[in-house]
Structures are given as structure tokens and as C-alpha cells.
Amino acid sequence: MTDTDAGGSKAGSPPAYSLGHSERELERLSVQARLIDPITRRFFVDAGIAPGMRVLDVGSGVGDVAFLAAELVGATGEVLGTDRSPAALEVARKRAEARGVPNVSFREGDAGEMNIEQPFDAVVGRYVLMYQKDPTAMLRKLVAHVRPQGVVVFHEPYRDGIRSFPPVAAYDRGWQWVDDTLRRSGADPMMGIKLHATFVAAGLPTPSMRLESVIAGGASSSDHVHFEMDPVGILVPEMERLGVAT
């Protein structure tokens with residue numbers, strides 16, 4: 001789900017990214033990118049991300065969304081990716097070097113708190129607001145980096161529609177464990193449905209919204225199964241710590 005127009009912690013701090021940045025999680029992110037990059041690309045194009053624009057990517061992780069934005073803005077554009085995790089950004093920088101992408105750079109820290117002199121034409125993010133303790137406050141800070149009439153696009157999950165058919169008990173139990181763990185750690189797996197209210201509360205114009213999903217069956221569903229089930233293995237320590245499962 002996306003909006004457009006100008007994406008278990010200490011008190012006062014944002015929830016931790018409970019999936020971490022292990023090698024297994026980096027592999028999962030690659031599967032995630034294969035599945036949902038086409039959706040994110042459509043959201044960005046429809047929102048007006050175009051050649052020559054200067055784009056701020058919030059919560060870049062290992063850089064998938066930043067690289068996608070870089071393709072859309074072209075050689076005359078620029079993308080700055082930001083993330084709080086130095087480990088993730090180290091991987092992102094290595095990937096940028098290997099890909100030979102000169103119009104992408106990365107900076108460690110909270111994008112809302114950064115001192116950035118030149119305004120951006122757009123701010124984007126994917127699966128970012130769901131991990132914020134106060135998504136509205138974050139949006140207010142990010143908008144300060146966007147020029148007047150600029151674009152704000154966030155692609156966030158709405159996980160109410162996950163299911164298997166015919167029902168596979170292990171699959172359905174697994175994604176429910178993941179959602180319960182995310183909620184108890186402070187994240188919001190339903191953030192997508194809340195984007196309209198969040199944008200309006202942040203003082204932004206009424207946003208446009210769209211919902212897309214991935215679906216598959218049989219031999220073509222390997223990535224889809226991994227997309228939902230790999231987090232189960234990654235989150236086992238958190239599940240046990242939070243009492244979701246043993």
C-alpha cells in the first residue's frame with residue numbers, strides 16, 4: 001500500500017528492527033526485493049519519481065529501494081539513502097560499488113534528525129513507518145527535507161490478507177507468529193491501512209493510495225513461501241523472549 005504527496009525498545013526510542021541484519025536476513029531481503037520491487041516501482045512511477053530528481057530514501061537497509069529509485073531518476077538525478085544500521089549500510093555501499101551506481105550515496109543516522117542543506121524533490125521509504133514509535137512525528141520531520149510541491153511515497157505492509165489455500169497449517173501458524181512478534185516488539189504489521197490517517201495527521205494533503213499483493217501457487221511459489229516463512233527462523237529468539245512461541 002502506498003501514499004503519495006508532499007515509507008521492544010527503550011522509552012522514547014523507535015522499536016528495534018527485530019529481524020536484524022544477519023546473513024540469513026540479507027538473503028531474505030533479496031527474496032523480498034524480487035517479489036515486491038515491481039510493486040514499489042509502479043508506486044514510485046505513479047507518484048512522479050522521474051529523471052533528474054533528487055530523492056531521499058529513508059530506512060535504506062541494504063539499498064534495494066535506493067537502487068530502484070536511482071534507476072528512475074537516471075544519471076542526472078541523485079539518491080541519498082539513510083539508515084540507522086552501520087552493518088546494513090556497509091552492505092549497501094559494497095553493492096553500489098559492485099553495481100557501478102554513481103548517483104547513490106548512503107549516510108548513517110536518523111533521516112528526520114539529519115542536517116541536510118539542499119532540499120529533495122521526493123522522500124521515499126519501504127517498510128519503514130511500520131517500525132516507528134510515532135510515524136506521524138517522523139513524517140513531519142521528513143517533510144522538512146522536501147521542496148514545496150515535492151513528493152512523499154511510502155510502501156507499507158497490510159498483512160491482514162495473508163493466508164494459504166488449501167490451508168497449510170504450518171504456513172498459517174508461522175506468519176501469525178511473525179505478526180505477533182512484530183507487534184510485541186513495537187512494530188505495526190498493519191501500517192499500510194493507517195497511511196491515510198498518518199499523512200493527514202502529519203499535515204500533508206490527502207494522499208492517494210493503492211493496495212497490491214503478491215500471490216502464487218505450485219512450483220512458482222517458492223519465493224512467496226520463503227518471503228513469509230524465513231522470518232520464522234530468524235525471529236525464533238525474539239519469539240521465545242516475547243513469549244510468542246517456544
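Reader: In which loop is the place of proline 166?

Author: This is a predicted model, in which local features need pLDDT of at least 70, side-chain atom pairs count only at pLDDT 80 or more, and totals for chains, interfaces and linings use all residues. Residues are numbered from 1 along each chain as its sequence is written, and side-chain values use heavy atoms, without hydrogens and water. Helices (H or I, at least four residues) and strands (E, at least two) are DSSP runs numbered from the N terminus. Proline 166 has its place in the loop between β6 (146-155) and α5 (169-184).

Reader: What is omega of the peptide bond that joins phenylalanine 165 and proline 166?

Author: Most peptide bonds are trans. The bond joining phenylalanine 165 and proline 166 is cis, and its omega is about -5°.

Reader: Where does glutamine 149 lie, and is it buried or exposed?

Author: Glutamine 149 lies in strand β6. Its phi is near 70°, a positive value in a residue other than glycine. Buried means under 20% relative accessible area, exposed over 50%, and partly exposed in between, with a 1.4 Å probe and protein chains only. Because its relative accessible area is 73%, glutamine 149 is exposed.

Reader: Which phi does tyrosine 127 have?

Author: Tyrosine 127 is found in the loop between β5 (120-126) and α4 (135-143). Although tyrosine 127 is not a glycine, its phi is positive, at about 55°.
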